[in-house]
Amino acid sequence: MANVVETQNLERVKSIRRVPQEEYYVPGHRTCAGCGPALCYKLVSKAAGPESIFLGPTGCMYVANTSYLSSPFAYPWMHCQITNAGAIASGVEAAYQVKIRKGKYKGKLPNVVVMAGDGGSIDIGLQAMSGLMYRGHDVLFIMYDNESYANTGIQTSPATPYGANTTFTPPGKAIPEGKTLFPKDAPQLVIGGHPAVKYVATASVGYPVDLINKVRKALNYKGPTFLHIHSPCPKGWLFDAKKTVSVAKLAMETGMWVNYEWENGEYTYDHTPKEYKPVKEYMKGQARFAHLTDEHIAKMQAFIDAKLKAPGIPVALPVQGPRETA
Amino acid sequence: MAKEMFLAGCAASAFGAKFARVEVISSYPIRPYTGVMMELSKIVANGELDAEFVHGEGEHAQVSIAYGASAAGARAYTGSSGVGVAYAMECYSPAAGGRYPIQMIIADRALDPPGDFGSEHTDVMGCRDQGWIMGWAETPQEAFDNTLIYYRIGEDPKIMLPQFCCQDGYFVSHIPGKVVLPEQSQVDEFLPPYDPPDPLDPTNPTSHGPQVYPDQGSAIDIQRAQAHLDVPKVTEQVMDDFSRIFGRTYNPFVEEYMTDDADFVFFIQGAHARTARFAVNHLRKKGVKAGMVKLRFVRPFPTEVVKECLSKFKAVGCVETSTSYGGAMKGGNLIHEVRASLYDSPKQPLVTSFMAGLGGEVVTLNEFYNMAKVLSQAIKDKKIKKYVYWLGFEKEGI
Ligand SMILES: Cc1ncc(C[n+]2csc(CCOP(=O)(O)OP(=O)(O)O)c2C)c(N)n1
Ligand code: SF4
């Protein structure tokens, strides 16, 4: 796919005071109080600005945001199936390539932004996302990560942490941990197999300026880019709705979340604490982990330790898989 | 000057897409439709058509790419066969409900098992209730013409519906026939550029496909239903324009052959109509008053036209190339539509159906003669024995 048309050149925001005042994600939605993904949407919208087209696969950010005749989106927005955001985005981008070439649209290529949940990105939506990345469409694919299938009532997804109590992985006598699997590594899935992708980053709603700048950087790249954004969900993770930002920050402080950029093969890390707090501190703040024993938490700690030694590099699991017996 | 070429159905459809000046094409390989994309990719590679050619990673993506492109204001084209058609099922309703008039060329193929490559209408017939316009071409010429005709109907501002533009796998897709290609200027006159009212556009923000409450859903559904009710009128105008501009005429909904004094007719769609015509000629020579009625659209189904047309005959044999397992009529799909259309007609012909050509088997002249025997006998007996006959599997030897 030849990217023949210009994309926007969005400026870097230096501090929280310089963040644009304009809102493009406006009132008219009904997400839960303290919703991390909603905050993510607000920040991404500010960063992208009005020259954008947003695509929203089925998930909380579709169902809790749009109701016919009322929409919080002040730019063009389109629903996708949970399965096909990558493909629809490819079609939208392809349409603009040809429209601009033929003079049917005067202006720069709009920012085509997908806002997909973890299910819509690396589970049922993986194929379409990978197809887009492989073909090299000029699209920013954002995986807002609430670590669950939230819209359908908090079921496990491939992004759900080990040990989480979800409605599909309830802890019980036979399976005391709840979720037994460790999560897929979303950015590595993108980086590992898509030569057209030059920029991938992780961000967190706890660090808004950084998040905005990563969105802008991604949009300024021609070709596909991917952001994995940690977006705590008070309803699913079971913490007080006031604490979304502090939960996000604690994730970073304990190593449960790592912020980094990958640009043309080079990794840069940011917000890394001098010393990591134990993951237990993070886990005890969320009732989804309330059933775990010290032994389970130690497994999580081992996983995180191994990951932190070489972030961004695949890690051999320090624990057995679900089909192995001890 | 119009030009004549010898093209198989796949290539004819590709030329149709070229003349329609499609802007975004999405592909994925599956026989027998693959030839369409093979031809079209050459056309694009040679610079004869300015389009984005997107190689989807599957049919589900293919249809999604196409309707995303359509939502963003481009004329979009895609296609498939068999299990590929089935795989994209999730995307049909959003494309129709979103009123994105994309076109999907289908060279039909049997579904698995038993993994048969042959032509059968079952693949796309299984998707007939998703709100798409749908019908079959009998020849490469009709395949070419339908590409233009379907876009023109689907993109009419009153309609705005996607289209399954079907042809029989192999029998049409792979058998060359004479195709008269028009001047581009004629096509431009017939088919104006795609211009949706509210495309995704930052200068005019709109939301596509927001969530509705249950009590709001039917208000949207009824608009889709209304569009289908409006299709026949638009089709008539389109066909008038078509004959005026291209000098070729199709009866918009059904084509009758030797029906003036026919006792019975074969009711049929697609490629096997060619054999049916030969069979009718031969039967006529033997003094049997046979005729044929070829259906041009399955969706929307031309109920009134079919009712009026078929009420004239003593018996109707639906030649079925699709299955409807466990259906009311125990066999294929056409008989359901035909019997429903005739329900309130004061004159009721005898209606039966023949399962023919499943899995891509040729429907032979002999089989048509056997069908004729069954229909003649039914007329004599003044009743039909069975709703469905499986040709070649009947104890009585039909
Ligand atoms: C094909 C299909 N399967 C299942 C569903 C049901 N469904 C609706 S929303 C949703 C959860 C989406 O989860 P995710 O992508 O993680 O987004 P979130 O709701 O967490 O924001 C599911 C499974 C669907 N809409 N389509
Ligand atoms: S369930 Fe979670 S993601 Fe969904 S709206 Fe509520 S807080 Fe947001």
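This briefing describes a ligand site, a pocket and a sheet in a predicted model. Residues are numbered from 1 along each chain as its sequence is written, while chains are lettered from A and ligands numbered from 1 in the order in which they are written. Local features need pLDDT of at least 70, side-chain atom pairs count only at pLDDT 80 or more, totals for chains, interfaces and linings use all residues, and side-chain values use heavy atoms, with hydrogens and water left out.

**Ligand 1**

- Ligand 1 lies between chains A and B, and of the 17 residues around it, Cys60(A), Gly120(A), Tyr144(A), Asn146(A) and Asn151(A) come nearest, where a residue is near if one of its heavy atoms lies within 4 Å.
- Among the polar contacts (pairs of N or O atoms within 3.5 Å), a polar side-chain atom of Tyr144(A) lies 2.6 Å from an oxygen atom of ligand 1, and a backbone N or O atom of Asn151(A) lies 2.9 Å from an oxygen atom of the ligand.
- Taken alone, ligand 1 exposes 580 Å², of which the protein buries 77%, with areas from the Shrake-Rupley method and a 1.4 Å probe.
- Helix α4 (residues 118–122) of chain A gives the largest share of the shell around ligand 1, namely 3 residues; helices are DSSP runs of H or I with at least four residues, and strands are runs of E with at least two.

**The largest pocket**

- The largest pocket has a volume of about 1300 Å³, taken as the space filled by probe spheres set on the grid points.
- A pocket is found on a 1 Å grid over the protein atoms alone, as an open set of points where a 1.4 Å probe fits, with protein on both sides within 12 Å along at least five of seven lines, and its lining residues have an atom within 4 Å of a point.
- This pocket is lined by 45 residues, including Gly97(B), Arg99(B) and His208(B), which are among those nearest its centre, and α9(B) gives the most to the lining, with 5 residues.

**The sheet**

- An open sheet of 9 strands runs in the order β8(A)-β7(A)-β5(A)-β6(A)-β4(A)-β3(A)-β1(A)-β2(A)-β9(B), with mixed pairing, where two strands pair if DSSP finds at least two bridges between them.
- β8 (266–270) of chain A and β9 of chain B stand at the edges, each with a single partner strand, so one side of each has no neighbour in the sheet.
- Strand β1 (residues 52–57) of chain A runs parallel to β2(A) and is joined to it by 4 bridges, and Leu55(A) stands opposite Met78(A) in β2(A).

How values were computed
Polar contact = N/O pair within 3.5 Å; in protein donor to acceptor, adjacent residues only side chain to side chain.
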